[in-house]
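Subject: Handover of a structure, with notes

Dear colleague,

I am passing on the structure below, and the notes that follow it set out what was found. Please read them with the coordinates open beside you.

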Amino acid sequence: MSIIKVTIVDRDGTSHELEAPTDMGMNMMELCKSYELPVEGTCGGMAMCASCHMYIQSDHELPEMSEDEESMLDSAFFVEDNSRLGCQIHLADDMDGLTVKLAEVGD
Amino acid sequence: MIETDILIIGAGPVGLFTVFEAGLLKLRCHLIDALPQPGGQCAEIYPKKPIYDIPAFPEVLAGDLVDNLMRQIEPFKPGFTLGERADQIEETEDGHFIVTTNRGTVHKAPVIAIAARLGSFEPRKPPVPNLADFEDKGVEYIIKDPNFYKGKKVVISGGGDSALDWTIFLAEGVASEVTMIHRRNSFRGHPDSVQKVLDMAGAGKINLMTEAEVVGIDGDVHVEGVVVKTKEGEKKISTDHWVPLFGLSPKLGPIADWKLNISKNAIEVNTFDYSTNVPGIYAIGDINTYPGKLKLILCGFHEATLMVQSAFKRIYPDKNYVLKYTTVNGVNGF
């Protein structure tokens, strides 16, 4: 069992330091949902809805974006250079200390 | 007016399977869906994605699942109202419901089954402050009739296929001027369409702005221009129409006003029969919630099966019914 610490800043600016298992095949969207943070995960994790849009605030080197993720962020709103879809970030041991902020959800 | 036994709102896998289970009880069904084809999200968003947790199907493409369900329910001759959104509901004195769509189609049934996942798919609206003031006054999220743009100046936002295709179409002799605005430098649409748009921009047939975004709308009553944010700063473009094409996202929509108990965007149900707080209205599949709820197609199938038993008792309170097996009795359609 391997646990890392991840910090999620919610839309109100409150920080949540969470314990995240790296051996459960979980991604950041699912982690947020498991702690009942306000992330819908509407499409279930297929990079098709952008409801788990988040900004990476720490300087971790994350795996590159797939084409699916890029195209979804393409039609999302409030996109910044550090935007990612949480469902495409699979928790791994080298992500200890990762800090992300949840993006606004559009109308 | 369309009359049926069970009016199903949402023609996704769970809504479709309801027709089968209802048909075994000799109940007729009619489905309403905001999308133009049956299948819901499976058909609209991920028809080519495999699903691995449908019992007895080690792997099935979402689109094939829908095709199979359509074949399975064919004997029960369901009716469809497609491309329309269920908007209003009224209860009649004799315990029926009248459901009217946004296009005015009227349906009547003693039982309503809401199987609409997260609601209906609606266009994604960009976060521009005064957007709502200009809806249908120069801002359109869907191009219904291209002739509407004849001789007009049009700004299209988005970088996907629909934005590319409409840019090409409107620029070929329809609109007087077409500007395409896309946030990035690359496009995710079909390579042929992308090349065509780039060629048209090169030839001066369209005005292409990349790494740019519409951030404001100008106009008194109708759109007169848009404010575009680019790397160099903000720029105003005069236009008659702005068409943001950012795809669809699910919205609970008018169902939220149907006096149903709703918690976290889902309809609360009793797991005995998936009934809501309004007798005669049931909610099945991803749109409902109850302790232990899992949003899985297979759970929706189970919910649909139990739900139609309760619907039968509501429609025929005096008839006795005993569960029959299809293996013994076959499937006797209408």
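Strands here are DSSP runs of E of at least two residues, helices are runs of H or I of at least four residues, and both are numbered from the N terminus; two strands pair if DSSP finds at least two bridges between them. This is a predicted model, in which local features need pLDDT of at least 70 and side-chain atom pairs count only at pLDDT 80 or more, while totals for chains, interfaces and linings use all residues. Residues are numbered from 1 along each chain as its sequence is written, and chains are lettered from A and ligands numbered from 1 in the order in which they are written.

In chain A, the hairpin of S1(A) and S2(A) has five residues between its strands, and A:Gly13 takes a positive phi near 95 degrees there. Strand S1 (residues 3–9) and strand S2 (residues 15–21) of chain A run antiparallel and are joined by seven bridges, with A:Lys5 finding its bridge partner in A:Glu19 of S2(A). S1(A) is also joined by four bridges to strand S5 (residues 98–102) of chain A, this time in the parallel sense, and there A:Thr7 has A:Thr99 as its bridge partner.

Between the chains, 13 residues of chain A are in contact with 18 residues of chain B, a contact being two C-beta atoms, placed from the backbone, within 7 Å.

Chain B has seven helices and 23 strands, and its C-alpha trace spans about 75 × 45 × 35 Å along its principal axes. Of its 334 residues, 40% count as buried, that is, with 20 or more other C-beta atoms, placed from the backbone, within 10 Å of their own. Among the contacts in chain B with a separation of 6 or more, 63% are between residues 24 or more positions apart.

Leaving aside residues up to four places away in sequence, B:Tyr282 touches, among others, B:Tyr274, B:Met307 and B:Ala311.

Helix H1 (residues 13–24) and helix H6 (residues 297–315) of chain B pack at about 35 degrees with their axes 9 Å apart, the axes being lines fitted to C-alpha atoms over the stretch in contact and the angle running from 0 to 180 degrees between N-to-C directions. Residues meeting there include B:Phe17 and B:Ala22 in H1(B), and B:Phe301 and B:Val308 in H6(B); by class, the contact has eight nonpolar, three polar and one charged residues.

Lastly, strand S7 (residues 86–91) and strand S8 (residues 97–101) of chain B pair antiparallel over five bridges, and S8(B) pairs antiparallel with strand S9 (residues 106–109) over four. B:Val99 is the bridge partner of B:Ile89 and has B:His107 as its partner in S9(B).

Notes. A residue is buried if 20 or more other C-beta atoms lie within 10 Å of its own, exposed if 12 or fewer, and partly exposed in between; C-beta atoms are placed from the backbone. Ala, Val, Leu, Ile, Met, Phe, Trp, Tyr, Cys and Pro count as nonpolar, Asp, Glu, Lys and Arg as charged, and the others, Gly among them, as polar.
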